[in-house]
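Colleague: I have this predicted model open and would like a close look at a single part of it. Please pick one and walk me through its surroundings.

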Amino acid sequence: SGKAILNKRHAFYDINGDPWDFSDAVGFTFKIWEEREGGRQMIDWDSPDNIEASDSNVNEFILNAPSTDTAIERGKYYYEIEEIIAGGYTILLAYGEANFL
């Protein structure tokens, strides 16, 4: 908690284990809520400020955030990561429980 996230890589694979291809992505979002439905939103990052596609791997993106953005108390939270494609459409890549230690 309260430590900067710098150059944290996240890689994605499809159901067959093949690398996901972000070459069509025009952006990404990463959000964290206190509660899954109706909870207070704690983090709302997007590209290019905090998330950018990897230059070396089409299935990876990189998170960057200052410590002030990650100063969340210990506890139970929920996250969502989305890919944005042309036309502003989003594809949910991952969601689930996020624990801050």
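Modeller: Happy to! Searching the whole structure gives seven aromatic pairs (ring centres of Phe, Tyr or Trp, the last by its six-membered ring, within 6.5 Å; planes under 30 degrees apart are stacked, over 60 edge-to-face, the rest tilted). One of them is the tilted pair of Phe-22 and Phe-61, at 6.1 Å centre to centre with 55° between the planes. The partners are 39 residues apart, Phe-22 in the loop between β1 and β2 and Phe-61 in strand β5. Phe-61 also makes a tilted pair with Phe-28, at 5.0 Å and 35°. Since Phe-28 belongs to strand β2 and Phe-61 to β5, this pair ties together parts 33 residues apart in sequence. Phe-12, Phe-22, Phe-28 and Phe-61 form one aromatic cluster.

Some ground rules first. The model is predicted, so local features need pLDDT of at least 70 and side-chain atom pairs pLDDT 80 or more, while totals for chains, interfaces and linings use all residues. Residues are numbered from 1 along each chain as written, and side-chain values use heavy atoms, leaving out hydrogens and water. Elements are DSSP runs numbered from the N terminus: helices are H or I with at least four residues, strands E with at least two.

Phe-61 is also among the residues with the most contacts inside the largest nonpolar core, which has 17 residues (buried Ala, Val, Leu, Ile, Met, Phe, Trp, Tyr and Cys joined through side-chain atoms within 4.5 Å). Strands β2, β3, β5, β6 and β7 each supply at least two residues of this core.

How covered is β5? Six of its six residues are buried (under 20% relative accessible area; exposed is over 50%, partly exposed in between, with a 1.4 Å probe and protein chains only). One face carries Glu-60, Ile-62 and Asn-64, the other Phe-61, Leu-63 and Ala-65.

For pairing, DSSP must find at least two bridges between strands. β5 runs antiparallel to β1 over five bridges, with Glu-60 as the bridge partner of Ala-11. β4 pairs with β5 in the antiparallel sense over three bridges, with Glu-52 opposite Ile-62, and a hairpin of six residues joins β4 to β5.

Finally, Glu-60 and Arg-9 meet in a salt bridge at 2.7 Å, N to O (Lys or Arg side-chain nitrogen within 4 Å of an Asp or Glu carboxyl oxygen). Because Glu-60 is in β5 and Arg-9 in β1, the pair ties together parts 51 residues apart in sequence. Glu-60 is buried at 13% relative accessible area, whereas Arg-9 is partly exposed at 43%.
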